[in-house]
Amino acid sequence: MSFLEVDDLTVRFGDTVAVDHVGFAVEDTGRLGIIGASGSGKSVTSLAIAGLLSETARVTGSIRLDGQELVGLREREYRELRGSKLSMIFQEPMTALDPTMRVGRQIAEVIALHERRSGKRLTVEAELARVGIRDPQRVGESFPHQLSGGQRQRALIAMAIINRPGLVICDEPTTALDVLVQKQILGLLDEVLTDRAALFVSHDLAVVREVCRHIIVMEHGRIVEQGDVDDVIATPEHEYTARLVAAARGTL
Amino acid sequence: MRGSSLWAGAFLIGLVALTAGVALFWTPFDPTANGPLRLAPPGWPHLLGTDAFGSDVLSRLMAGAKVVLLVGVLSVVGAAVVGVPVGIAAAMLPRAWGEIPARLSDILYGFPALLLAILFAAALGGSTWTAVMAIGIATIPAFVRIARAGTLEVLSQPYVEAAQLAGLGPLAIARRHVLPNIAPLVWVQASVSFGIAILSEAGLSYLGLGSGPDSPTWGRMLREAQDHLFSTPILALWPGLAVAFATLGFNLLGDGLRDVLDPRLRERA
């Protein structure tokens with residue numbers, strides 16, 4: 001049995017079908033890239049797994065995480081799960097950190113939750129050092145706007161892995177960063193995600209190829225193609241994938 | 001420029017507070033005593049002159065500062081303490097539940113402070129406390145609205161999702177993330193509401209629904225001065241200036257506090 005199993009997942013907003021009968025699976029330490037343009041349903045899919053869709057969304061089908069069914073789960077039960085088995089890294093590291101709170105306090109907040117559950121003691125400095133921040137003390141005492149984009153994203157990655165989650169969803173984790181920092185962050189993600197399952201959501205084929213072997217391509221809420229990333233790039237079967245590959249040609 | 005509005009505001013409010021403090025123990029004359037010298041121009045011994053009843057204007061102004069601080073601060077703080085949590089809850093509760101406090105506050109918004117005060121006065125009798133309660137209750141919806149709108153904005157931010165994903169419960173999110181982020185809005189609303197509260201108190205006093213005739217307020221002084229606006233316009237000037245400065249002081253203080261409380265603005269400029 002896979003760690004994450006998505007079956008026949010459909011998400012509707014009113015009459016609009018955002019995700020249309022989507023299914024895939026990710027192993028314990030597996031990685032899956034989800035490629036698609038804006039509006040393809042890739043982000044809605046990841047939000048559905050994280051349980052962060054708005055009340056207006058109607059979710060049907062099945063999402064099983066470590067054997068547990070997530071569709072129809074109560075908010076309270078989801079909260080337990082998010083603390084332990086599931087976390088997410090967001091696209092925009094500036095807005096994903098509370099601007100009124102020092103970075104160290106935000107990390108301490110998550111550590112406190114973790115300690116309550118596991119009893120293990122962690123320090124803000126050690127967690128920041130884990131994600132390659134050189135002066136963890138200064139970064140911990142800073143507000144988000146005082147840090148660089150790369151440092152902010154590292155801090156967010158630190159927050160996402162404090163709970164040692166089994167699954168990390170990365171939603172465009174490097175899109176807001178410049179190319180050099182992108183490389184470093186991808187390297188860091190590659191390292192911290194080695195012993196866990198991960199979903200990589202991106203519109204950027206080149207980025208996903210850095211970290212994933214297996215990808216699915218989504219368009220209009222459906223999976224239009226899937227397989228090994230190099231095979232897909234070499235011989236795209238679907239016309240949409242072909243356009244995507246052509247567009248990314250310069251960066252591949 | 002940085003911090004100057006905070007200090008200017010603190011200075012003006014400090015002046016009002018100091019005046020009110022002094023007036024607790026000492027005023028040049030008894031602010032409620034009627035003297036033989038009516039509508040006297042500013043001079044000695046009545047530095048700001050006397051009003052139509054021969055009372056010393058400076059003494060009445062000083063005594064009025066007490067009422068202003070009491071009514072303004074208590075009603076606004078009370079309204080914020082009730083209104084902000086209700087507004088946050090209205091935004092964070094599931095849609096169907098959140099609509100209830102939001103709509104109730106809208107209904108309350110429909111009643112002018114004066115009308116509420118008349119209701120209260122009928123039940124409790126006119127007093128400073130009636131004014132505080134009436135103005136306070138009438139001010140609640142403003143805080144509910146601003147807190148709800150601010151919270152909805154904050155809830156759409158990714159850092160709230162990030163906090164949810166870390167496993168934080170709704171109460172912790174409200175306290176640690178929502179409240180600090182809507183605090184600037186609340187401060188500005190409080191300073192605006194304070195100005196409105198001073199003016200409402202003036203209106204209530206005029207109708208006999210606020211403080212009794214024995215406690216002079218700036219509003220009462222303004223209304224009384226109205227009768228002599230053509231013969232002795234200077235009578236309206238003093239309480240008018242006092243209201244203007246107190247209101248300005250709170251607005252500046254609100255602005256200044258917002259700048260200091262918001263870490264994003266703290267080191268700009």
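A residue is called buried if 20 or more other C-beta atoms lie within 10 Å of its own, exposed if 12 or fewer do, and partly exposed in between, with the C-beta atoms placed from the backbone. Keep that in mind as we walk through this predicted model, in which local features need pLDDT of at least 70, side-chain atom pairs count only at pLDDT 80 or more, and totals for chains, interfaces and linings use all residues. Residues are numbered from 1 along each chain as its sequence is written, while chains are lettered from A and ligands numbered from 1 in the order in which they are written.

Let us begin with chain A. It has 10 helices and 10 strands; these are DSSP runs (H or I over at least four residues for helices, E over at least two for strands), numbered from the N terminus. Its radius of gyration is 18 Å, which agrees with the value near 18 Å for a compact globule of 252 residues. That radius is taken over C-alpha atoms, and the globule rule is 2.2 Å times the number of residues to the power 0.38. Of the 252 residues in chain A, 46% are buried.

Two residues in the loops of chain A deserve a look. Most residues other than glycine have a negative phi. A:Arg164, however, has a positive phi of about 50°, and this residue sits in the loop between H6 and strand S7 (167-171) of chain A. A:Arg164 counts as partly exposed because it has 13 C-beta neighbours inside 10 Å. A:His220 also has a positive phi, near 50°, and lies in the loop between strands S9 (214-219) and S10 (222-228) of chain A.

Where do chains A and B touch? The contact takes 24 residues from chain A and 20 residues from chain B, two residues being in contact if their C-beta atoms, placed from the backbone, lie within 7 Å. On chain A, helix H2 (75-84), strand S6 (86-89), helix H3 (103-118) and helix H6 (149-161) each supply at least two residues of the side that touches chain B.

Now turn to helix H6 of chain B, residues 158-165. How many of its eight residues are buried? Seven are, among them B:Tyr159, B:Val160 and B:Leu165. The buried residues of H6(B) pack against helix H1 (42-50), H2, S6 and H6 of chain A, together with helix H5 (128-155) and H7 of chain B. After H6(B) comes B:Gly167, with a positive phi near 100°.

Chain B also shows helices packed on one another. Two packed helices are described by the angle between their axes and the distance between the axes. Here axes are lines fitted to C-alpha atoms, for helices over the stretch in contact, and angles run from 0 to 180 degrees between N-to-C directions. Helix H1 (residues 4-25) and helix H9 (residues 234-261) of chain B pack at about 140°, with axes 7 Å apart. That makes H1(B) oblique to H9(B), since angles under 35 degrees count as roughly parallel, over 145 as roughly antiparallel, 65 to 115 as roughly perpendicular and the rest as oblique. Residues in this contact include B:Leu12 of H1(B) and B:Phe245 of H9(B).

Finally, helix H2 (residues 57-92) and helix H7 (residues 170-206) of chain B cross at roughly 145°, their axes coming within 8 Å. Among the residues that meet here are B:Val68 in H2(B) and B:Ala174 in H7(B).
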